[in-house]
Amino acid sequence: MPVHSTPDVDEVDPMAIPEWYSGTDLTGQVAAGIEVAIERMDARTADHTDIEKLVTLLELEQEVNWRCFLLGLVGTIHYDLEEIEPASRILEQSVSGYKVYLETFDEVLSVYCQSCYTLGVILFDAKKFAEAAPYFLRCLPYMHDVYDETYIGNILTFLNLCYQGTSQSDPALVFSEAAAFTRHTDCESLEHLMIAYANAGEMAKATEVFHLLQNHCREYEGYDRVLEFAERNLGESGVIN
């Protein structure tokens with residue numbers, strides 16, 4: 001359905017509350033507002049008018065997890081608009097407010113995980129690796145229920161890089177191996193794995209992974225970086241015998 005034809009929340013049948021919504025609003029406005037906002041977010045057309053409508057819906061919603069869900073949407077729209085400061089502040093408020101022991105948590109899980117992931121990316125981009133890692137870790141118990149394989153690979157990769165960034169080579173290696181497996185040993189994950197093995201002191205494995213990169217990843221955009229690392233840390237010249 002075209003974005004411009006999406007029904008306005010004021011036109012909702014008060015009795016038409018979808019099964020997926022278990023919040024406190026019985027007018028139907030919160031559920032309809034969520035559907036409108038998510039459709040526009042998926043279409044990359046959400047803007048400040050959507051933020052204003054979601055904030056208004058907070059006045060109708062009293063259930064704590066659904067309030068955090070609405071805040072998560074607000075923070076994500078700010079992030080999509082490249083407004084990092086309000087995105088970070090609102091997403092942190094959202095994530096910290098969830099109560100996982102309530103039955104409603106299962107129904108808001110997707111936005112909880114997306115908020116954790118986005119907040120982790122914001123902190124990672126700011127090179128705050130120690131602060132970013134716990135938000136990616138929050139995704140782990142639920143990621144197979146919520147994310148596709150690409151997202152799972154990204155989470156594992158970010159965790160590897162966060163632990164590398166804080167000089168914790170052992171957990172970094174765990175997540176680097178998991179990322180390489182999940183990403184079917186694509187060239188980027190192999191580069192990260194080579195570095196993780198080297199940082200953990202497993203030079204033989206690092207060298208083997210380098211040889212895989214030599215054989216399969218010569219067109220990889222980071223290949224020059226791979227060669228430089230191998231020559232500096234593994235004593236490898238990059239010449240195939």
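Trainee: Why is the passage of α8 by α10 called a left-handed crossing?
Mentor: This is a predicted model, and in it α8 crosses α10 in the left-handed sense.

Trainee: What makes a stretch a helix?
Mentor: A DSSP run of H or I, at least four residues, numbered from the N terminus.

Trainee: Which residues make the contact between α8 and α10?
Mentor: From α8, T157, N160, L161 and Q164; from α10, H192, I195, A196 and N199. Contact means heavy atoms within 4.5 Å. By class there are 3 nonpolar, 5 polar and no charged residues. Nonpolar means Ala, Val, Leu, Ile, Met, Phe, Trp, Tyr, Cys and Pro; charged means Asp, Glu, Lys and Arg; the others, Gly among them, are polar.

Trainee: What lines the largest pocket?
Mentor: It has 18 lining residues, with M41, D42, T76, Q114 and Y151 nearest its centre. Helix α5 gives the most, 6 residues. The classes are 10 nonpolar, 5 polar and 3 charged.

Trainee: Why is S115 called buried?
Mentor: Its relative accessibility is 0%, so S115 counts as buried. The cut-offs are under 20% for buried, over 50% for exposed and partly exposed in between, with a 1.4 Å probe and protein chains only. S115 sits in α5. Leaving out residues up to four places away in sequence, it touches G72, L91, S94 and V95.

Trainee: How do you know that E59 is exposed?
Mentor: Its relative accessible area is 63%, so E59 is exposed. E59 lies in the loop between α2 (48-57) and α3.

Trainee: What makes E82 and S167 stand out in phi?
Mentor: Most residues other than glycine have a negative phi. E82 is not a glycine, yet its phi is positive, about 65°. S167 is also a non-glycine residue with a positive phi, near 60°. E82 lies in the loop between α3 and α4 (84-97), and S167 in the loop between α8 and α9 (169-182). E82 counts as exposed at 69%, and S167 at 68%.

Trainee: Which rules sit behind the values?
Mentor: Local features need pLDDT of at least 70 and side-chain atom pairs 80 or more, while totals for chains, interfaces and linings use all residues. Numbering starts from 1 along each chain as its sequence is written, and side-chain values use heavy atoms, leaving out hydrogens and water.

Conventions: Left-handed = near helix turned anticlockwise from the far one by under 90°. Helix = DSSP H or I, 4+ residues; strand = E, 2+ residues; numbered from the N terminus. 1 Å grid on protein atoms, 1.4 Å probe; cavity = no way out; pocket = protein on both sides within 12 Å on 5 of 7 lines; lining within 4 Å.
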